[in-house]
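Please read it alongside the model shown here.

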Amino acid sequence: MNMTTNGFLLINKPQGPTSFNIVAKIRKKFRVKKVGHCGTLDPLAEGLLVLAIGKATRQIQYLNDDKTYEFGVIFGQQTETGDSEGKIIKECEEIPSKEKLLEAIPKFIGEISQIPPAFSAIKINGKRAYKLAREGITVEMKPRNIKIYSLNLLSFDFEQKTASFRVSCSSGTYVRTLAQDIAKSCASVGFCSFIKRIRVGNFVLENAVSVENATERDVISIEFLQSQASKFFK
C-alpha cells in the first residue's frame with residue numbers, strides 16, 4: 001500500500017479475534033503504522049468494524065458514531081461476562097412471554113442509565129476492567145447515560161427461551177448490559193447469545209469486506225468523506 005494512503009476501511013469482523021487483532025492484521029497487511037478503529041467489538045461479537053488508516057485516525061472523533069446492533073438473548077441464566085463466554089452465576093425459572101417483552105421495550109427508549117459490565121475494556125486506575133475481573137478483583141462500575149433511539153423485537157421462541165432484537169443507540173452503549181436489563185425488567189435473567197454490529201454512523205455492514213480480502217481499493221478516502229461531510233461527520 002502507498003504510505004500516503006489515508007482513509008477508512010470497513011471490515012466484517014468474525015467472532016473470535018479481538019478488535020486489536022484485526023487492527024494488527026491490517027497494519028501488517030497494508031504496511032502502515034497508523035491504524036485505529038471507531039469503536040471496539042468484543043471477541044464474541046461480529047459485524048462492522050470501521051478502521052481508520054493514516055491521517056484518517058485524526059478524524060475518528062468527528063465521525064457520526066451512533067450504532068445499530070442485532071443481538072440475541074437466552075433467558076433463564078445469567079453469566080459473569082453477560083455473554084456465552086462466562087460461567088453461569090444465576091439461574092431463574094421465569095421466562096418472559098412475548099407480550100412482556102413488548103411491554104418492556106418502551107422503558108428502554110430515550111436517555112437511560114446503564115452500568116457497564118465488569119468484563120469490559122473500561123480503564124479502572126489505569127488497568128482494563130476485564131483484567132481486574134479475571135484476577136478476581138471486584139470493581140465498582142459507575143453508571144453512565146446512554147441513548148437508545150430504537151429497540152425492536154425481531155424474534156421470540158418461548159420453548160427455546162430465546163429472543164432477538166435490533167437496537168440503534170449512542171456510542172458507549174453496552175449491548176450485553178442491555179440484554180441483562182431487558183431480562184431483569186421482565187423478572188428474569190439472561191445473557192447475550194450473539195451480537196452483530198450492522199451500522200456505525202452512515203457506514204453499513206453490507207459494504208464491509210473480510211480482513212483476508214481487504215485491498216487498497218476498499219479504503220474510502222478522506223477527500224470523499226469530506227465531500228459528504230453532512231452525512232458522515234457530526
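Helix α4 is followed by A187, a residue whose phi is positive, near 60°; helices here are DSSP runs of H or I with at least four residues, strands are runs of E with at least two, and both are numbered from the N terminus. This is a predicted model, in which local features need pLDDT of at least 70 and side-chain atom pairs count only at pLDDT 80 or more, whereas totals for chains, interfaces and linings use all residues. Residues are numbered from 1 along each chain as its sequence is written, and side-chain values use heavy atoms, with hydrogens and water left out.

Helix α4 itself spans residues 175–185, and its buried residues are V175, R176, T177, L178, A179, I182 and A183, where buried means under 20% relative accessible area, exposed means over 50%, and partly exposed lies in between (1.4 Å probe, protein chains only). These buried residues pack against several elements, among them the strands β4 (67–75), β10 (144–157) and β11 (162–169) as well as helix α2 (98–104), a contact being defined by heavy atoms within 4.5 Å.

The largest nonpolar core has 43 residues, and those with the most contacts inside it are L9, I11, I26, L51, F71, L151 and F165; such a core is a set of buried Ala, Val, Leu, Ile, Met, Phe, Trp, Tyr and Cys residues joined through side-chain atoms within 4.5 Å. Helix α4 supplies the largest share of this core, namely five residues. Leaving aside residues up to four places away in sequence, I26 touches L9, I11, R31, V35, L51, I53, V211 and A214. A second, separate core of 17 residues includes V50, A56, I198 and L205.

Four aromatic pairs are counted, with rings of Phe, Tyr and Trp (its six-membered ring) taken as paired if their centres lie within 6.5 Å, and with planes under 30 degrees apart called stacked, over 60 edge-to-face and the rest tilted. F8 and F203 form a tilted pair, 6.1 Å centre to centre with 35° between the planes, and this pair links strand β1 (residues 7–13) to strand β13 (residues 203–204), the two residues being 195 residues apart. F8 counts as buried because its relative accessibility is 0%, and F203 is buried at 4%. F71 and F165, by contrast, form a stacked pair, at 5.3 Å centre to centre and 20° between the planes; F71 lies in strand β4 and F165 in strand β11, so the pair ties together parts that are 94 residues apart in sequence. Ring pairs also link F8, F203 and F232 into a cluster.

The structure holds four salt bridges, each being a side-chain nitrogen of Lys or Arg within 4 Å of a carboxyl oxygen of Asp or Glu. Three of these pairs are set out below.

| Salt bridge | N to O distance |
|---|---|
| D65 and K234 | 3.7 Å |
| E70 and R166 | 2.8 Å |
| E94 and K100 | 3.3 Å |

D65, in the loop between β3 (46–53) and β4, is 169 residues apart from K234, which lies in the segment after α6 (229–232). D65 is partly exposed at 25% relative accessibility, whereas K234 is exposed at 63%. E70 in strand β4 and R166 in strand β11 are 96 residues apart.

The structure holds zero disulfides, a disulfide being a pair of cysteine sulfur atoms within 2.5 Å. C38 is buried at 10% relative accessible area, and C186 is buried at 3%.
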